[in-house]
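Thanks for making the time this morning; I would like to walk you through one structure, chain by chain and contact by contact. Please have the sequence and the 3D view open while I talk.

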Amino acid sequence: MSKHGITRRKVLRNGAGVMAATAVGAPMVHAQGTSGSLRFAFWDHWVPGGNDALKELAQRFGEQNRINMTVDFINTTGNQLQLTIAAQAQSRSGHDGISLLPWDPGTYADQLEPCDDVMQRLSAKYGPVNPVAEFLAKRGGHWRGVPATAGTQAKPACVRFDLMKQHAGIDVREMWPAANRAGPGADRWTWDTFLTAAEACHKAGVPFGLPMGQFTDAVDWVGAVFLGYGARVTDERGNPTIRNNAELRQAIDYLVRLSRFLPNDVWAWDDASNNRALISGRSALIFNPPSAWAVAKRDAPQVAENCWTIPMPAGPKGRFLAYLPYVTGIWSFGRNKTAAKAFLEFITQRENAELCVNKSQGYDIPPFLSMSDFKAWETEGPPVGTIFNYPLKAHHQATYSIAFSPAPPELAQQMYLQALNTKVVARIAQGGESVESALGWLEREINNMRRGG
Amino acid sequence: MADGGAATLPRMDAPGGASLKRFARRRSTIAFLMTLPLIAVIGGLVVWPAGYAIHLATLNRRMTSFIGLGNFEILLESETFRMVIFQSVFFAITAVILKAAIGFWLAHMLHHIPANGQRKWRGMLLVPWVIPPALSTLGWWWMFEPTYSSINWILNIFAIPSVPWLGEPWWARISVIIVNVWYGAPFFMIMYLAALKSVPEQLYEAAAIDGATSWQRLRYVTLPMMRNIISITVLFSLIVTFANYDIVRVLTNGGPRDLTHVFASYAFQVGILAGNIPRGAAVSLFMFPILAIIAFFVLRGVNRRNKEEA
Amino acid sequence: MSATTAPAQQGIYHKAGSLRSERRWALWTAYLSLIVSAIIMLAPPVYMLLTSLKTSAEVADQSGSPWWVSNPTLENYWALLGNRMFIDFFLNSAKVTIAVVALTMVISVLAAFALGRMRFWGSQALATGVFLTYLVPDTLLFIPLYQIVGGLGLLDNAWGLVLVYPTLTVPFCTWIMIGYFASIPKELDEAALIDGANWMQMLWKIFIPVALPGIIAATIFAFTVSWAAFVYPTAFITTPSEMPMTIGVVSQLIRGDTFAWGQLMAGALLAALPPVVIYAFLMDYYIAGLTAGATKG
């Protein structure tokens, strides 16, 4: 995009931005809004400089439409973003639009402005949306927000290829080269292989840094393991499916075995601990978007040069890639909803999504499947191609996934926040409970969540 | 103390007379007006919210219908919550005992050294109490951080293996207690020091002449003289420790596996973060009976002492 | 005669000698425990200070001792002082604290005077009530207050904190002040009344000057409590621009994986500075405020 201000007409022609616009255009937005101002709260990016894209886009949008834009960035450390969402929903005041975490659009559906019109136009232009994002953003047949580019992430394996080769004898760069094909041995990249490698690296003093605590990184990757084994804790209606569930036992059994080869305090790790483990050079593998690598590039270059991102291993029921989509929602109590919708439509345009991807050094994954061909993932380095396999590619033969699907959102929200999947493993592996009693606990806990609704 | 204040009053308007009576009537009106802001604060910000909490706790998640004691029932049936009860009690009692013991010891040691050096030591030892606990806990968190722990670094020098401070449940519980004791012990120290100074020196001299050992002096002179202040400080601290929130929030956020949650942090987690306000209110109301019992003992202690002194 | 007293004297000397050596031992034990405990008590703030003087690279580097700074730098402090958000935290804290302290002192001095010196119907019960209120912790009230403050539209607003902080400060300050006012000899007000002073004049001209040490102690208490308050701001404030120091530092300066520990520790120390400075200069009042309740009550 050209650097200088883009005239409104050009924007209209591009179909970008203020579309509703076709007829009404920016002045309309301006006239309708009480103060001609918009306040958005976005997830605070973990990649250094990752917020710049949205700042730039907001400024451009504001100038073009003579709207006074304010953009706040709220981080998820200590659940700050979750608290903000809850407080604003509670007090029915705050930002016009806000980044929502995976299960929020369903939970707060009745307070969110439907965005069907925006999504209809965007889909007409860019094709289908990632099915997981669609599942999470839709409630009662309506889009409760616009799936976001900025912040939306997958959690494949970020591997220290040097350590992996040295200690586990696996050459991940050969297995998953920076090309649209699987290398030799990719078909053997399963959870069983993974377990052997975890053991080898544990012995060598560079254990895999896989969090087992209560934050999203932990819940997400454990969720992907569950799905890989076909394990579900509830059905679509929220009824527990725990008794006589062979797949669930298999998945839990696997995780318990794996956890023996992890550092002994992973049970208390937060979303940053795994990044620190990698950056400090003490870990051979983590499941994370490229933020850890991006920070290492700045603070510990010798680590970054030896990182290679590859898909998650496959289980008996397939390969699932943990995916954490953000959805930007517009509060129904906001005063400037038309302009807010126009802004969301503007930032989701292909060239603007690419700006987000570039500024975040490849971290962001756009919701539209047609946008998985940006150059950034091929060119980012060092080493060049390190995040080629970060977004899901056809040859990975994998599916994006979210933990606790297909439970209904209100229940899934609580299970997700309370991290039931990592806790059930922790009760067995760390707490020494039997599988029976841990599963009994899980079922009672789910039933308690469903009661008093 | 409240009673002490009131006790001086009755004799004030002893001299009779019509004008004085009128004055007294006016006086009570003025006095009432002067306490009105206080009554407004207590009524509007303590009594009313407390009553409202009880109301909230009887609603369902969406706050649309009345479910009576349903939330309490669900909580009591949940193992996680029963564990929270255990942890709150364990945390509060252990931490208070340690704080009282360490505070008592330090006050004693401080009392022993020459008076001109006491101020300096007292100043240094009180520093943990002065720093807002949420902020000093950040420092502790950084000292406990698994990869970079500076405490483990020191332990390793003495060939002691690294401790998973926040990762292993019992260590995490101990860590929370350590931080709380570190923060609270100076307060006990300062209270006990004030009390020690009020014990007449003659009593010790008399005891020494009778040939009392230092243990006997402690047992038969110091402790009886400090009984009241010890009990009041302990009861106060029990309340504050039971209701503690910031240390758990910053240090462990309840993890691992919710095992370090106390009432307050769990109420926050359930009520505000997971958006189930009624159930969160129910969680924090569980603190109430404990507080009531403590308040009863404190009041009884204060009253009894006032009677003894009178 | 002399023959019989000699052994007795010896006995006394012997006793005195052991007493002296006992005293010496006690002194040594006292100094030893004070030194050990001072090291433990001061280690966290010292380590925070050391970390705040390190660059991110030095924090991340694990080759040296974590208790040593090889290249001390003030860059973390400069970065914070140049950060608009951090300045806002400070201003919010200052704004809220000053308003709360003023409000608290007016409410509690008036009420304590009325309760301590002017008996009226129900004053006893009210004094006990104030005492009991102090026993109700903020963590019991934050959920209903969240609803109430939200209903008033004051969530996410620093002024909302000014509304709720008095629950933390007013009961204790009133309680301290009742004690101070009660300890003033009753002849003072009798004399004033005979001179024809009204109650407000009496409070203003006689009692406040006499009870000044108590007022200073109560003010310091109110200040430190409002500065350090954590539960209410965590629950009620989510926008960085409205956050006071405590929650601002804890929630905004923690940057997951970017080793901003130096800056985080610098922020925590700067935030802790005002109470520490007050403490350093007014330690005796501070301690008087702390102990007032318990020693008198």
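**Domains, contacts and helices**

Let me begin with chain A, for which the domain assignment gives domain 1, covering 8-152 + 325-374, and domain 2, covering 153-323 + 379-450. Please keep in mind throughout that this is a predicted model. The C-alpha centres of domain 1 and domain 2 of chain A lie 29 Å apart, and the contact that joins these domains takes 22 residues from domain 1 of chain A and 24 residues from domain 2 of chain A. If you look at the domain 1 side of that contact, the helices α5 (104-107) and α7 (131-137) of chain A each supply at least two residues, and α7(A) gives the most to that side, with 3 residues. By class, the side of domain 1 of chain A that touches domain 2 of chain A has 11 nonpolar, 10 polar and 1 charged residues.

From there I would like to move to the contact of chain A with chain B, which takes 30 residues from chain A and 27 residues from chain B. On the chain A side, the elements that give two or more residues are α4 (80-91), α13 (273-279), α19 (409-417), α20 (420-429) and α21 (435-450) of chain A. Which of these gives the most to the side of chain A that touches chain B? That is α21(A), with 4 residues. The residues on this side of chain A divide into 9 nonpolar, 13 polar and 8 charged.

Now for chain B and chain C, whose contact takes 83 residues from chain B and 89 residues from chain C. Helix α2 of chain B, residues 18-56, gives the most to the side of chain B that touches chain C, with 18 residues, and the residues of that side divide into 66 nonpolar, 14 polar and 3 charged.

The crossing of α13(B) and α6(C) is right-handed. In residue terms, B:Ala264, B:Ala267, B:Gly271 and B:Ile272 in α13(B) meet C:Thr139, C:Ile143 and C:Tyr146 in α6(C), and the residues of this contact divide into 5 nonpolar, 2 polar and no charged.

Let me finish with chain C itself, where the unreviewed UniProt entry places the feature "transmembrane region" at residues 25-47, 89-113, 125-146, 158-182, 203-230 and 260-282. I will take two of those spans as examples. For residues 25-47 of chain C, the end C-alpha atoms lie 32 Å apart and the span is 100% helix and 0% strand, while for residues 158-182 of chain C the end C-alpha atoms lie 36 Å apart and the span is 96% helix and 0% strand.

The domain assignment of chain C gives domain 1 (2-52) and domain 2 (75-296). How many residues does the contact take from each of these domains of chain C? It takes 4 residues from domain 1 of chain C and 7 residues from domain 2 of chain C, and by class the domain 1 side has 2 nonpolar, 2 polar and no charged residues.

Note on methods. Residues are numbered from 1 along each chain as its sequence is written. Chains are lettered from A and ligands numbered from 1 in the order in which they are written. This is a predicted model: local features need pLDDT of at least 70, side-chain atom pairs count only at pLDDT 80 or more; totals for chains, interfaces and linings use all residues. UniProt positions are given in the numbering used here, feature names are shortened, and annotations may be inferred rather than shown by experiment. Two residues are in contact if their C-beta atoms, placed from the backbone, lie within 7 Å. Ala, Val, Leu, Ile, Met, Phe, Trp, Tyr, Cys and Pro count as nonpolar, Asp, Glu, Lys and Arg as charged, and the others, Gly among them, as polar. A crossing is left-handed if the near helix is turned anticlockwise from the far one by less than a right angle, and right-handed if clockwise. Domain bounds come from an automatic or database domain assignment.
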